[in-house]
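Here is a short briefing to read alongside your viewer. Have the backbone and side chains ready to hand as you go through the points.

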Amino acid sequence: MTTTAADATPAHNAAPEPTDENAWLEDIYGEDQLAWVREQNSRTEDLLVDADYATLEASILEVLDSTDRIAMVGKRGDWYYNFWKDQQNPKGLWRRTSWESYCSEVPEWEVLLDIDALAAAEGEEWVFHGATFLRPAPGQEHRRALVALSPDGGDANRYREYDVELRGFVDPAAGGFDLPTAKGNASWLDADTLLVSSTADGLPKTASSYARTAVTLKRGEALASAPQLFDVPADHMLASVAHDSTPGYERTFAVDYIDFFNRRNLLLRDGAWLEIDVPTDVNVSAHREWLLFRPQQDWTVLGTTYPAGSLLAAGFEGYLAGGRELLVLFKPDSSTSLQSWSWTQNFLLLNLLKDVSSEIRVLDPATPGTDSAWQSTLLDACPPLHDVNAFAVDDEDSDAGAGDDFWLVATGFTTPSTLLRGTLERPARTPVHPPS
């Protein structure tokens, strides 16, 4: 193709670059910006607040603060952890209890961290954003956790190491991890090492203001001097790293979030990053020996097209070695879509929505299926026109025999939220019963 000088000259009527007239609001602590927010709040209150507003607000708060709510828990070792807010504890309590106590009429909770008390003591309006436990050595209980605290409820967190047995933060002077407030994430590599993506201490940001790099942080080391592990281009959205510590499947992953809909997934192998070869709009997750794929658009592999919204599987090592045999676990149709999934020790739970009602399927990777690559059994636990979700209690609890236990949460138009616990077995018998 021949290019002339005229071709290379930009058109005089080319559209101007778009400008964001609200970009000045990105300084969320600026005096002018906060004054603008107060003005918008005042306008809104003038429109909404009337004689009935206070009554309506009080009735809603009564429901939200009700102590009759189910205290949902997450299991770690022998303990069941919960984060609880009510009228007396508006910022919340991080607490735990035993299974026997949880099943009682009035559970006895051991409070690990009182966020209201912490905020008062430190003069910071802390918002609890969760805790990530360090995997303990075999035979030991979960003890150390990274607690994420936001000073304002935004997406910038301060990560602090916490000892649940001593019920206190590990003193940074004694080597405890305490990462400055910033956008990013942190993951345990081992007892003395974190994988951190952060914008703190001068670490580079993307154009979206998120972390551009990830580092390997040793206990006692300064974040600014930690060696870089991963980075993404400045015009991408963010960089994220995490370590999978599942025994027998230990591996480190990175994700290059290009934008909200596209990402690159990489595995650290032999000291170098190996990209998992999928289109950027296919969501990828790893579980033990399996890779799962969820295409957001139709995906054609070796002449076969898999529709958007499908769930596909492949052997982890086989796929990385170049194999492209994909197992179809779920394919959407005109009335059925996949909402979520959860692994127990031996099964995969699929939460589906079919004709505006929940349907749950139990897939067995050890048994070939007919309608799907793995044997699929309907979990008889979903009344019509109910919202029902099933998810694993603790897929790694083989010692106590709870590895194939699952929670079931059901809600209907006339059915209050109900929590049940069940067990999956081979052949697929799925008794569901209340805690007892």
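Predicted model: local features only at pLDDT ≥ 70, side-chain atom pairs only at ≥ 80, totals over all residues.

K75 stands opposite Y80, a residue of β2.

- Strand β1 pairs with β2 (residues 79–84) in the antiparallel sense, and three bridges join them.
- Helix α5, residues 115–122, packs on the sheet and touches both β2 and β4. The direction of α5 makes about 35° with that of β4.
- The whole sheet is open and has four strands in the order β1-β2-β3-β4, with antiparallel pairing.
- At its edges lie β1 (74–76) and β4 (110–114), each of which pairs on one side only.
- From one strand to the next, the twist averages 30°.

**Two loop residues with positive phi**
- As background, most residues other than glycine have a negative phi.
- R288 is not a glycine, yet its phi is positive, at about 50°. You will find R288 in the loop between β17 (282–287) and β18 (290–295).
- V356 also has a positive phi without being a glycine, with a value near 65°. V356 sits in the loop that runs between β24 (348–354) and β25 (357–368).

**Buried or exposed?**
- Does R288 count as buried or exposed? R288 counts as buried because its relative accessibility is 15%, and the cut-off for buried is under 20%.
- V356 has 65% relative accessibility, so V356 counts as exposed, a class that begins over 50%.

Terms used. Residues numbered from 1 in each chain as written. Heavy atoms only, no water. Buried < 20%, exposed > 50% of the residue type's maximum accessible area, 1.4 Å probe, protein only. Pairing = 2+ DSSP bridges. Axes fitted to C-alpha atoms, helices over the stretch in contact; angles between N-to-C directions. Contact = heavy atoms within 4.5 Å.
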